[in-house]
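Please read them with the structure open.

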Amino acid sequence: MTTLNERYDYGLNLELLSVDEGITGYRDDSLETVKKNQETYQLPLTIVSYKDLYGWTMDEIVKIIGLTNNCTFCGVFRRQALDRGAIQIRADKILTGHNADDIAETVYMNILRGDFFRLAKCVEIMTGRDGPLPRGKPFKYTYEKEIVMYAHFKKLDYFSTECIYSPNAYRGYVRELIKDLEATRPSTIIDIIHSAESLEIDTSAVKMPKLMACTRCQFMSSNDVCKACVLLEGLNTGKTRQAMGRKEVQSSQTDKKAT
């Protein structure tokens, strides 16, 4: 983005924002690469950490919940951490590094989960257009291998190691499935993205979630209490299993009010 900004005079005021999840042997190494990029491109760098925002690191969370649902906690916390960091630096847009491989995997995961609401959003190149902090994905149609090859031949500082907790993640199985399909049909990844772009959801037949402010943290949510607050409450109260299912948490709160 720095190169494009200078070449075409976009007039963008770019800043680096990174999230430290607290994963020893993974994120600490990648942050060193981010710091090198800060020096190379002379851009301001802000790092927000799970420990500062939520009082937990992912290493601590995994010790409590194990390796089964760790990506759920991490994904929810990271999305909100980006919003918190963007507000801290007074950004008006967030650009993420999601590539075509990431988006195709997300499409497949939403199909397998029957999540039609996220299925419609996950292929949009810009989400939250009407909100205070839109998110863009400039690498939407760029393959992961193209990005790595470009960085390699341009001798750029980059970090390509996978998270140490990812082998047990649901996304990992979907990734393997797509790679198998790609072996027989090389255009599989782009085909999946274009297919999702062509889907239309009949909103008159289904109830679509409405965005609102979380009653606890005031960040955007599709429920009264956002998933980040629900998961954090589960960690702080030792009820992580209930936190994984929102209905169980809400019903328990209702029972307490009734008594």
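In which loop is the place of D9? D9 sits in the loop between α1 and β1. The points below start there, after a word on the basis.

Basis. The model is predicted, so local features need pLDDT of at least 70 and side-chain atom pairs count only at pLDDT 80 or more, while totals for chains, interfaces and linings use all residues. Numbering runs from 1 along each chain as its sequence is written, and side-chain values use heavy atoms, with hydrogens and water left out.

1. The phi angle of D9 is near 55°, a positive value in a residue other than glycine. D9 counts as exposed, at 66% relative accessibility (exposed is over 50% relative accessible area, buried under 20%, partly exposed in between, with a 1.4 Å probe and protein chains only). L4 belongs to helix α1 (residues 2-8); helices are DSSP runs of H or I with at least four residues, strands are runs of E with at least two, and both are numbered from the N terminus. L4 counts as partly exposed, at 33% relative accessibility. Leaving aside neighbours within four places in sequence, L4 is in contact with D9 and Y10, contact meaning heavy atoms within 4.5 Å.

2. Q218. A positive phi is also found at Q218, near 75°, again in a residue other than glycine. Q218 is in the loop between β6 (212-213) and β7 (220-221). With 52% relative accessibility, Q218 counts as exposed.

3. E21. This residue lies in the loop between β1 (16-20) and α2 (27-41). E21 is buried, with a relative accessible area of 2%. The side chain of E21 makes a polar contact with the side chain of R78, at 3.2 Å (a polar contact is a pair of N or O atoms within 3.5 Å; within protein, one must be able to donate a hydrogen and the other to accept it, and residues adjacent in sequence count only if both atoms are side-chain atoms). Leaving aside neighbours within four places in sequence, the contacts of E21 are R27, Y50, T57, M58, C74 and R78.

4. α5 against α11. Helix α5 (residues 70-88) and helix α11 (residues 227-237) pack at an angle of about 130°, and their axes are 9 Å apart. Axes are lines fitted to C-alpha atoms, for helices over the stretch in contact, and angles run from 0 to 180 degrees between N-to-C directions. The angle makes α5 oblique to α11; under 35 degrees counts as roughly parallel, over 145 as roughly antiparallel, 65 to 115 as roughly perpendicular, and the rest as oblique. The crossing of α5 past α11 is left-handed, a term used if the near helix is turned anticlockwise from the far one by less than a right angle, with right-handed used if clockwise. From α5 the contact takes T72, F73, V76, F77 and Q80, and from α11 K227, A228, L231, L232 and L235. By class, the residues of this contact are seven nonpolar, two polar and one charged (Ala, Val, Leu, Ile, Met, Phe, Trp, Tyr, Cys and Pro count as nonpolar, Asp, Glu, Lys and Arg as charged, and the others, Gly among them, as polar).

5. Q80. Also in α5, Q80 is buried, with a relative accessible area of 8%. Not counting residues up to four places away in sequence, Q80 touches Y54, C217, F219, C226 and A228.

6. α10 and its partners. Within helix α10 (residues 188-198), T188, I189, I190, I192, I193 and A196 are buried. These buried residues pack against α6 (100-113) and α9. For α6 and α10 the angle is about 55°, with axes 9 Å apart, and the two are therefore oblique to each other. α6 passes α10 in a left-handed crossing. A100, D101, I103, A104, V107 and Y108 of α6 make the contact with I189, I190, I192, I193 and A196 of α10. That contact divides into ten nonpolar, no polar and one charged.

7. V174, in helix α9 (residues 170-184), is buried, with a relative accessible area of 2%. Not counting residues up to four places away in sequence, V174 touches E105, Y108, M109 and L112.
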